[in-house]
Amino acid sequence: MLDANARTSRDAKLPLLEVKNVSQNYLTGSGEKGPAVLDNVSLSLKPDEIVGLLGRSGCGKSSLLRIVAGLARPAGGDVSYLGQPVDGPVDGVAMVFQSFALFPWLSVLANVELGLRAKRIPQAEARRRALKAIDLIGLDGFESAFPKELSGGMRQRVGFARALVVHPNILLMDEPFSALDVLTAETLRTDLLDLWVEGRMPIKSILMVTHNIEEAVLMCDRIIVLASNPGRIAAEIHVGLQHPRNRLDPEFRQLVDKIYALMTKRAEPAPHGRESVFPGLGLAMALPRISTNTLAGMIEEIAAEPYLGRADLPALADSLQMEIDELFPVGETLQLLRFAEIEEGDIKLTPAGRRFADAEVDVRKKLFGDHLLAYLPLAARIRLVLDDRPTHTARAIRFLGELEDYMSEEYAERTLKSVVNWGRYGELFAYDEASETFSLENPQ
Amino acid sequence: MASRFVAFTSLGRKALPNQYDLIAFALIFGVFVAMAQVSGGLTLPIAAPESTAISLDYGHLPYYALRTTLRMFAAIAASLVFTFVYATLAAKSAHAALVLVPLLDVLQSVPILGFLAFTVTFFLGLFPGSILGVECAAVFAIFTSQAWNMAFSFYQSLRNVPRDLIEVSRGFQLSSWQRFWQLEAPFAMPALIWNMMMSMSGGWFFVVASEAIAVGDTTINLPGIGSYLAVAIEHRRIDAVIAAIVAVFVVILAYDQFLFRPLVAFGARFRVELSAGQNVEKSWVAQVFARTHWLRVLMRGPAQILKAISLLRLELPGRHRALSQQNPRLSRVMDALWLILIALAALWASWLIVDYVRQELSWADLGQSVLYTLFTMARVIALMILATLLWVPVGVWIGLRPALAEKVQPLAQFLAAFPANVIFPVAVVLILKFSLNPDIWLSFLIVFGTQWYILFNVIAGASAFPNDLKEAVANFRIRGWDWWRSVIIPAIFPYYVTGALTASGGSWNAAIVAEYVKWGDDTISAHGIGAYIAKATADGDYPKIVLGVAVMSIFVIMFNRLLWRPLFGLAEKRLRLD
């Protein structure tokens, strides 16, 4: 058990971990290097700090974490741990997973012991350390239980115990609380912070990935905000608040608002000619999978009381119980289709958005379709091809192929599915799932 | 004093073996004694009269049943080893997979029964003069009916290991050996156990067919139920045939209860799922062993040793590689070279076959074998349609009644495990008696053993039909043809395809036995590729065997590719209820 003071005094200058100019690319459908996921990211982790990587999905934060853990190799740049280059998983770095990633056939004790036994640590010693970790993390009495008997919170505690038992210098956490319900997540956060503040965990630093702004402000000493397309460091924020932090503290709120504003800032006028909020330009834009009901619901919510056309994003997130990972893509889709504008942490309906909110179903669909054609190049392209051809039909594979020139297979499929759904709602075209064909006719 | 008394009894209770220990010990020692009995007969010289003489005395049946069972287990052990090595290689090396996976696909479709003549000759040469050679041939025949399935299932499991669990094991730097035993093998366990069960059922069919082997002039009867049956047929002893049927029945029941129920119960813990399963597999044998005291203490030692072995690092020197990034262009060139190499090897192999067959046979033989295969195919298709028309309504009717389904389902699975060829002589007697047309009536034997796969899969599908959909259907009063067409057929379709695929594969194999059946000196045969192969085997006409099996394999593969694969794709994509 390390004393908090002793921890800070020694080697406070020497970074535990250095990430220098790391970049990473998607693999496109044909296995070629695709667009960048991470672009020139550098950061360092010093002893005795919790650093948060904050960003929305697709900003490469999980990729970055896996590169740090030695589970993936960057396309460019270097990672070094205690001065040694990382070219594979290293001792001294342990990871906690969003999905817990427990072995369902091993008991709690065996799950925790596994990392030690794999390294040929004698059984008695392994057992002693495992029991200690289990005790520390509050799992006493559950040693012989199997993961499927445990609740989510208890499972994640096993995840923590399993990572701590190998006495890592760095604890990596990949959205460790996002698979838990609100109350459980809060308890677990508090317990973890207590152990950290009291210096009872055998670790020096924590690097955590999150898409929850409040969580980041609550836990981290330093927050690195990642911007998307491609992932790069947008800002670094020091959080000077003392633990335990109070979410209602004005300073806390201010910080949260500031980060919201930062994360919704319009991308600077296009360094590479980009103007859209989504990765890629024109056809190459990767779209999120959002239902038209969600879009319509969001427009209605903003149009109604108490927002009346202009909503503060943190407040909106709070009242809709949405994480930024869900909220931002919705807002950005609305922005892309010119139904809303996002600025300074606020979302504001455009006149078109207001008209949409007031209209009947058929008018809404017409309006939506018009905006799709005007502002979504892929939708316009599909419609153009259909109009041009005498048969008025086109195979989906044709567009998929085009998309895969710019993005991974997975993203291409998701993008096309989104366009299919939106286009169907806007009655731009029909799509037959069985034959994977676009057409202009409605099914008989 | 009182407290000490309590302490004493509780201590005593713990130390003494309990009633479950007794049951368990009885079971275990029974197995030991049986194995000792059997192993004596294994290494006898082939000339010794007791090695291959089969007595139709009922009293010998238990011994024969044991010999047969032991053969089955030898085969399943070999299949397991094969599965671990073959599937792991295929899953770990992209280059190996390029060859191994299609090869497995083909092997699955080849009617190995047709090759019996070759394998017997091969193994006899390996152990000249000893019964062990014939034993090996029989075990190999069973092996070929089990291994491909199991390897395929294992390969697919290995490909689907959850990514986060792989990352954990890499993060903890588990060696390949450790990862295999800690992650991959456990993850694959439930599917593997299920496939073992299915394969074991398939194995029965082969063991009956392969124990009594007649190749040309040589006839060898291995002591076992299959030989007993063969001798009974030769002597036209219908009572002995029935005795054999009973014996098979008992053995299947026993290994189901003593081996597979406990295994399935054990395998359930390896399922990767978020919550505890709703229907828990139960096995009284597993429960007996779980409640023993002494036995559990005794097992602790071996369990520790196994655990220690699974945690050895066993790293190959020089294989400890960090994440490497390969030059994509170089690796593509390597891929191309590898493909060319494979293509050359395949060409060479086909040339060997053609060359071998060409020496003895003419184009007319090829035409004849193709024609016969078409006959057999017509038979398989017709019978599959008949079985479908019969069992789909029955299965749906049963499956929608949960209480009934629970009782019928084990029965259907049992019937699928029962080797239908044991029943064949009875059918022959009937055909002879009423002088029926063998071309029609022998056909029924083809699906006799395999139709149950359709039944129990349809039952499973209908049982899984969600209750809210049932209520919606009742609410909208969907009935009659509409109900079949838009409700229940789409709902059971994925299950039906699974069952029908298994059934059709089994039927092709069964054709070799079913189209050419004997009763004493009478031989009944239908026109078909199965009879063609069987007759060639009886005559020792090797080129014809090769030709027949090759043509049949090609048809089976086409059948699978052109019919079942697309149906499977449709079921996967459109009609899944989850």
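This is a predicted model: local features need pLDDT of at least 70, side-chain atom pairs count only at pLDDT 80 or more; totals for chains, interfaces and linings use all residues.
Which domains does the domain assignment give for chain B?

Now the reply. The assignment divides chain B into domain 1, residues 16–314, domain 2, residues 329–355, and domain 3, residues 361–578.

Two packed helices are described by the angle between their axes and the distance between the axes.

For the opening pair, find helix H4, residues 61–92, and helix H5, residues 94–109, both in chain B. Their axes are 7 Å apart, and the packing angle is about 130 degrees. That makes H4(B) oblique to H5(B). The crossing of these two, H4(B) and H5(B), is left-handed. Please click on the residues that meet here: B:Tyr86, B:Leu89 and B:Ala90 from H4(B), and B:Ala96, B:Ala97, B:Leu100 and B:Val101 from H5(B). By class, this contact of H4(B) with H5(B) has seven nonpolar residues, no polar and no charged.

The other pair is helix H16, residues 402–417, with helix H20, residues 451–463, again in chain B. Here the angle is about 155 degrees and the axes are 9 Å apart. H16(B) and H20(B) are therefore roughly antiparallel to each other, since an angle over 145 degrees counts as roughly antiparallel. H16(B) and H20(B) also cross in the left-handed sense. Among the residues making the contact are B:Pro402, B:Val408 and B:Leu415 of H16(B), and B:Trp452, B:Phe456 and B:Ile459 of H20(B). Counting by class, the contact of H16(B) with H20(B) has 11 nonpolar and three polar residues, with no charged ones.

Over to chain A. Chain A is divided into domain 1, which is 4–92 + 168–264, and domain 2, which is 283–439. How many Å separate the centres of these two domains of chain A? The separation is 32 Å, taken over C-alpha atoms. In the contact between them, 16 residues of domain 1 of chain A touch 16 residues of domain 2 of chain A. Strand S1 (17–27), strand S2 (33–45) and helix H8 (250–264) of chain A each supply at least two residues on the domain 1 side. H8(A) gives the most to that side, with five residues. That side has seven nonpolar, seven polar and two charged residues.

Chain A also has some sheets to enjoy. Strands of a sheet pair through backbone hydrogen bonds, either parallel or antiparallel. One open sheet in chain A has six strands in the order S6-S7-S8-S3-S9-S10, with mixed pairing. At its edges are S6 and strand S10 (232–238) of chain A, and each of them pairs on one side only. Inside this sheet, strand S3 (residues 50–54) and strand S9 (residues 222–227) of chain A pair in the parallel sense over four bridges.

Another open sheet of chain A has three strands, in the order S11-S13-S12, and its pairing is antiparallel. Strand S11 (310–312) and strand S12 (340–343) of chain A each have a single partner strand, so one side of each is left without a neighbour in the sheet. The twist from one strand to the next averages 20 degrees. S12(A) pairs with strand S13 (residues 346–349) of chain A over four bridges, and A:Ile342 has A:Ile347 in S13(A) as its bridge partner. Helix H11 (residues 324–336) of chain A packs on this sheet, touching S12 and S13 of chain A.

Last stop: the two chains together. 23 residues of chain A are in contact with 26 residues of chain B. Which elements give two or more residues to the chain A side? They are strand S6 (93–96) and helix H3 (108–118) of chain A. H3(A) gives the most, with four residues. The chain A side divides into 14 nonpolar, three polar and six charged residues. Thanks, everyone!

How values were computed:
Residues are numbered from 1 along each chain as its sequence is written. Chains are lettered from A and ligands numbered from 1 in the order in which they are written. Axes are lines fitted to C-alpha atoms, for helices over the stretch in contact, and angles run from 0 to 180 degrees between N-to-C directions. Angles under 35 degrees count as roughly parallel, over 145 as roughly antiparallel, 65 to 115 as roughly perpendicular and the rest as oblique. A crossing is left-handed if the near helix is turned anticlockwise from the far one by less than a right angle, and right-handed if clockwise. Two residues are in contact if their C-beta atoms, placed from the backbone, lie within 7 Å. Ala, Val, Leu, Ile, Met, Phe, Trp, Tyr, Cys and Pro count as nonpolar, Asp, Glu, Lys and Arg as charged, and the others, Gly among them, as polar. Domain bounds come from an automatic or database domain assignment. Two strands pair if DSSP finds at least two bridges between them.
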